[in-house]
Amino acid sequence: MLAAAGLAFALKPTQKIADQGPKIDLETMIPKQFHDWRQVEQFDRLMVSPDVRANLDRIYSQTFSRTYVNRAGEQVMLSIAYGGDQSSSLQAHRPNVCYTAQGFQVSQMEKDFVRTVAGQVPVMHMVASQVQRIEPITYWITVGNTVVRGAWEQKLAKVKYGLTGKVPDGILVRVSNISSDVPSSYHLHENFINDMLKAMTKGDQMRLVGRLAS
């Protein structure tokens, strides 16, 4: 038992990827205006309860939230959270967990891809509803430079990094809007994500979506 415990300690990842490269600053990395989109006041973002907020502050070193509008008057909410330590106790929480904790009903969860200038981004789609509010959501999580969808992919990516002795950082990107037209909302999300990535540097694109197949 002592030998097993010693081996487990020796194999525990200790090198944080977040400490080895340039620091992330979400506020400066994401443009406030790009293509047909400009930032507006956040009238309708998800309000987070104090207990959930405390947990998010423990997991993430940076959180970021903006609402954008285009010339057609369509609004999109963008939320990004960055954590420098994606260990088991501090891993990024998937939006379906957070929305459920806020009293939303989550449905229509499915995997998909968003086609962008940086490549095809593997994403999750879901719909969160509460009373009259219907919110289609597109999101993805990066573990290091790998985009993951779902708990299994998230755990597998961490294990792969763990075998190299490294602790990956992670980013959660969530794009959503308020609408009962779910297919049109997902199309709007794809356009927004692609426009946003086009306005970013190659380096910042990679920080947000990892290494993708073109």
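## Exercises on ring pairs and strand pairing

Rings of Phe, Tyr and Trp (its six-membered ring) pair if their centres lie within 6.5 Å; planes under 30 degrees apart are stacked, over 60 edge-to-face, and the rest tilted. The model is predicted: local features need pLDDT of at least 70, side-chain atom pairs count only at pLDDT 80 or more, and totals for chains, interfaces and linings use all residues. Residues are numbered from 1 along each chain as its sequence is written, and side-chain values use heavy atoms, with hydrogens and water left out.

**Exercise 1.** Classify the pair formed by phenylalanine 34 and tyrosine 68, and find which strands hold the two residues.

*Solution.* 
- Start with the geometry: the centres are 5.3 Å apart and the planes make 50 degrees, a tilted pair.
- Next, place the residues: phenylalanine 34 is in strand β2 (residues 33–34) and tyrosine 68 in strand β4 (residues 62–70), so the pair ties together parts 34 residues apart in sequence. Strands (E, at least two residues) and helices (H or I, at least four) are DSSP runs, numbered from the N terminus.
- Finally, check burial, where buried means under 20% relative accessible area, exposed over 50% and partly exposed in between (1.4 Å probe, protein chains only). Phenylalanine 34 is buried at 4%, and tyrosine 68 is buried at 0%.

**Exercise 2.** Explain why the pair of tryptophan 37 and phenylalanine 192 gets its class, and say which parts of the chain it links.

*Solution.* 
- The ring centres are 5.1 Å apart and the planes stand at 90 degrees, so this pair is edge-to-face.
- Tryptophan 37 belongs to strand β3 (residues 37–40) and phenylalanine 192 to helix α6 (residues 182–198); the pair links distant parts of the chain, 155 residues apart.
- Both tryptophan 37 and phenylalanine 192 are buried.

**Exercise 3.** Describe how strand β7 (residues 119–130) is covered, and how it pairs with β6 and β8.

*Solution.* 
- Nine of the 12 residues of β7 are buried, leaving the strand mostly covered.
- Two strands pair if DSSP finds at least two bridges between them. Strand β6 (residues 105–116) runs antiparallel to β7, joined by 10 bridges, with valine 106 opposite alanine 128.
- Strand β8 (residues 133–143) is also antiparallel to β7, through seven bridges; here serine 129 faces isoleucine 134.
- Now the turns: β6 and β7 form a hairpin with two residues between them. β7 and β8 form a hairpin with two residues between them, and valine 131 in that turn has a positive phi of about 55 degrees.
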